[in-house]
Amino acid sequence: MTSFKRILITVLIMAVSFSVFAGAAQEAGAAEPVTLTVWEHTLQFEAPLKTTLENFMIKNPDIKVEYEIKTPDQYYALLSTTIQAGEAPDLFWTNGTATTDLANMVKQGAVMDLTGKIDVTPYSDMAMKMTIVDGKQYLTPGATIGTRAVFYNKDTFAKYGLEEPKDFADFERILGILKENGEIPLSFGGMFSWSILFHFEPILAAMAPDWLAEATAGNARVNDPRVKAAFNKMLEWGELGYYGLGYLGVDEGGQLLAFSKGDAAMTITGSWNANTFNKNNPDLNVGAFQIPTKDGRRPLVVTYATGFCVYDKTEHPEEALRLADYLASKESQQIWVDQLKDVPGIDGVTTDDPLVSEIVENDIQVNSFYTILSEFAKEGALPTQLWEQDNVKLLSGMYTTDEFVEMLDAQLK
Amino acid sequence: MSRLNRKSYLGFIAPGFVIYTIFMILPLFTAVYYSFFKWSGLGPKIFIGFENYRNLFFDERLSGIFWNALGNNFKFVVVILTIIMPVQLFIAYWVDIKIFGYQFHRTIIFLPYVISSTIVGFLAMLVFNPNIGIINIFLKNIGLGAYRSAWFGDPDKAFSLLAIVISWQGIAAGMFIFLANLKGISQNLLEAALIDGAGRWLRFRYIMLPALKPALINNIILGTIWGLTQFDIPFVVGGTQGGINNSIDFMNLFFYRYAFGGSYYGETSMGFGATISVVLFLIILAVAILQISFLTRKFEKDGSEGKHL
C-alpha cells in the first residue's frame, strides 16, 4: 500500500472516530443540567445566597447555579463591562430605583421585564416600589427591611449602670458618660461615605422626623434648618470626641471591628451588620435601639431590600425566571431573614431573633435621606453621587454645613 | 540576497506587531474616538465634540479635581526621583559591596515586592487604623499617646504616608536595576583606582556613578511612569474618592471614578473617562519624550567629552 493511501486511510479513520465521539459527547451534554450564573455585590450576603441556591437546586435538579460575589465599590463597573461585552450573568443583584443604574440598564435593554412572570402577591406596594421602572417590574423584590440602628455593648452599659436612652437628651448624656470614662462612645467609619450615611440617617430621624415626612411628600428642601441642625449635631459629636481618635481614618471594616472587639461601646450602622458582629465575636453581648426623639419616640428608617434582575440576553430565560421566582418566594426570603438576622417586611416571613426585635422596636417609620435625594433629583443631576463623593469633605471641614446642603439642594427639583 | 531573504525579518516581527496593534494601539485610538462622545458605556453614543475636554479643563468642579489629582501624581514623581531613587541606589551599592548581612537585607527588601498591592493596601489600613491599628496602640503603650493620629484620615499626613507604603512595596524594582548595572562594572578598574589611592567615595563618584547612567536613565523614565500611573494601593487605602479631601487622589483613580462611578452625567460616563485617559496618555508621552531626549543627549555629550570611562 502506498504511503499516500496509508495516510488517507488514517485520516478517514480519525475523522470517523472524532464524529462518533463528538456525537456521544453532545448526547451526554444534552443530559447535563443548565448552568446559571448569579452575581451578588457583597460578601455579607454570601451565606444566605448560597443556602438559597442550594435549596433551589435540590428542588430543580435540572438547573445548576453558580454564584460570584463582587465588592460593592467595583460591582457596577464590572457589571456594566460584562453587559457591554454581552456576557452578563444570568441574574444579578441591583439596588433597584435607589440609584439610576437600574433605569439606565432598562433604557439599554439589558434587563428582562418581569411583570407578571414571577409571583409577587405577598409584597406590598412599598416593597415593590424599588423594583418598578416606568410602570414595569425589572427586579425581584426583597421581603426584608433594611434599616439602621444603634448597636450597643450590653456589658459596657451594665458596667456604668446605663440603660437604653429614653429620649434624645438621654442619649447624649450616655455619650458623655462613656467619654468621661475613657470609652469610645461611638465607633464611626468617617472615611467611608456609606458609613456616614447610615450614621447620619438615624440622627436626622431622631432630630427631624417631621422634615423626613414633609420631604417624602415633596414639601421640604434639603437646605432646611432642621437638616443643617442634624449635620451639625453629627459634627459636634466628632468634636466632642465621641467617635474616638482619628475617625476620619477609619473605614467601615474598622468601624465594625472596633465595636466587635469591645473597643467601642456603640456603633450606628445598618441592621444587616447584626450578623457581622456575631461572626466577628460570638461572645459579644449586643443590644440595639433606635435613637429616640426629644419627646421619646423611636423613629425607624425604612428601606426595602432589593433582589435580582434577569439579564435580558440570558441563554436560559425559562430557567432564569424559575430562579427569579424562587428568589422572590417566602421560603427564600425566610432564609435571608434567618441568616442575616434581617428585619422581615412581609406577612409570612418571620423572625424570633431577639436582637432583630430590638432593632425594629419603633413608634414611627420614616423614609431614608438617601431615598429622598434619589427620588427628587433634577433631570440629569445625581445628588446621591455628590453625597457619596463629598460627604467626607463635610466631616473633614473642607465644606461647611451650609455649603454642603446648598450643593445637595441645587441638585434637586 | 533575494527579496524574500531581505524581507524575512518581517515574518518574525509580524505576530508581535499584530498583537501589539490589537491590544495597545487600537484601544488607544478607540479611547480617543470615545472621548468625543457622551456615552454611558451602554446604548447609543451622542457626539459632543470637545465638550468633554472643555469640562475637564474648565468646569469649576471637575477641573479642580483634575488639577488636584494630576498635582498628586507629579508630587509623587518628585518623591520618586529625589528620595526613592537615591535610596534605591544606596541600597544597591550596599548590596554590591557585600556589606555584612547583605543577603538578608536584599531578601527583606525584595519580599514586599512579591506581595499583591491589594494586600499591601489592606495591611496598611489595618496597621494605621486609628482605633485598633498597632501603630496607635504601640504609641499609647509607650507613653506617646499624644502622637497618635488619624493617619490616612488626616489630609496633611495621608500623602506622605501613602508614599512610604508604596515605596516599601516598590523599592526593590529600581534597586535591582541599579544592582545589575553595578555588577557590570569592571572590578579591575575599581582595583586599579584603589591601588592609585582612590577611596570609596572617589571610586563611587568617578567610576561607578558614570557607569550607572544606563540604569539611571531607565529608572528615571520608569519611575516617572510609575508615579504618573499610580492606582492600586491608593484605591485600597483611599477608596474611589481618593481619600479625605482628595488628598490621595490620582489620575487613574479620577478616571476610574468618572468612567465607572457615574458622577458627571448622572450615569456611567465612559466618554468622559476616555477623555481623562487620553489626556493622561498625552501627558505621560510628553514627559517620557522630554526625558529620553534630554537624558540620552546628555549621555552622548558626556560620552563624547570622555566624562565616563
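In which helix of chain A is Ser357(A) found? The legend to Figure 1 answers this, and the later legends turn to other parts of this predicted model.

Figure 1. Ser357(A) belongs to helix α15 of chain A, which covers residues 354-359. Is Ser357(A) buried or exposed? Ser357(A) counts as exposed because it has 12 C-beta neighbours inside 10 Å, and a residue with 12 or fewer such neighbours is classed in this way. In sequence, 15 residues separate Ser357(A) from Asp342(A), and the C-alpha atoms of the two are 9.9 Å apart in space.

**Figure 2. Overall view of chain A.** Chain A is built from 18 helices and 15 strands. Its C-alpha atoms fill a box of roughly 100 × 50 × 45 Å along the principal axes. Of its 413 residues, 46% count as buried. Among contacts in chain A between residues at least 6 apart in sequence, 77% join residues at least 24 apart.

**Figure 3. The two domains of chain A and the contact between them.** The domain assignment gives domain 1 as residues 34-143 + 305-345 and domain 2 as residues 148-301 + 357-409. The centres of the two domains, taken over C-alpha atoms, are separated by 29 Å. How many residues of domain 1 are in contact with domain 2? In chain A, 9 residues of domain 1 touch 12 residues of domain 2. On the domain 1 side of this contact there are 3 nonpolar, 4 polar and 2 charged residues.

Figure 4. Beyond its neighbours within four places in sequence, Leu186(A) is in contact with Leu175(A), Trp237(A), Tyr242(A), Tyr243(A), Ala264(A), Met266(A), Thr267(A) and Ile268(A).

**Figure 5. Helices α2 and α14 of chain A where they cross.** Helix α2 (residues 46-59) and helix α14 (residues 330-340) have axes that come within 9 Å and cross at roughly 145°. The crossing of α2(A) and α14(A) is right-handed. Which residues of the two helices meet? From α2(A), Ala47(A), Pro48(A), Thr51(A) and Thr52(A) meet Ser332(A), Ile335(A), Trp336(A), Gln339(A) and Leu340(A) of α14(A). By class, this contact has 5 nonpolar, 4 polar and no charged residues.

**Figure 6. The buried residues of α14(A) and their cover.** The buried residues of α14(A) are Ser332(A), Gln333(A), Ile335(A), Trp336(A), Val337(A) and Leu340(A). An α-helix has 3.6 residues a turn, so residues three or four places apart point the same way. The elements covering the buried residues of α14(A) include α2, β6 (141-146), α12 (274-280), α13 (317-327) and β14 (343-344) of chain A. Just after α14(A), Lys341(A) has a positive phi of about 55°.

**Figure 7. The contact between chain A and chain B.** Chain A brings 39 residues to this contact and chain B brings 30 residues. On the chain A side, α3 (72-84), α4 (101-107), β8 (184-187), α11 (252-260) and α17 (383-396) each supply at least two residues. The largest share of that side, 6 residues, comes from α3(A). The side of chain A that touches chain B has 17 nonpolar, 16 polar and 6 charged residues.

**Figure 8. Asn245(B) and Asn246(B) in a loop of chain B.** Asn245(B) is placed in the loop between α12 (232-238) and α13 (251-260) of chain B, and Asn246(B) lies in the loop between α12 and α13 of chain B. Most residues other than glycine have a negative phi. Asn245(B), however, has a positive phi near 55°, and the phi of Asn246(B) is positive at about 55°. Why does Asn245(B) count as buried? Asn245(B) is classed as buried because it has 22 C-beta neighbours inside 10 Å, where 20 or more are required. Asn246(B) counts as buried because it has 24 such neighbours inside 10 Å.

Conventions: Residues are numbered from 1 along each chain as its sequence is written. Chains are lettered from A and ligands numbered from 1 in the order in which they are written. This is a predicted model: local features need pLDDT of at least 70, side-chain atom pairs count only at pLDDT 80 or more; totals for chains, interfaces and linings use all residues. Domain bounds come from an automatic or database domain assignment. Two residues are in contact if their C-beta atoms, placed from the backbone, lie within 7 Å. Ala, Val, Leu, Ile, Met, Phe, Trp, Tyr, Cys and Pro count as nonpolar, Asp, Glu, Lys and Arg as charged, and the others, Gly among them, as polar. Helices (H or I, at least four residues) and strands (E, at least two) are DSSP runs, numbered from the N terminus. Axes are lines fitted to C-alpha atoms, for helices over the stretch in contact, and angles run from 0 to 180 degrees between N-to-C directions. A crossing is left-handed if the near helix is turned anticlockwise from the far one by less than a right angle, and right-handed if clockwise.
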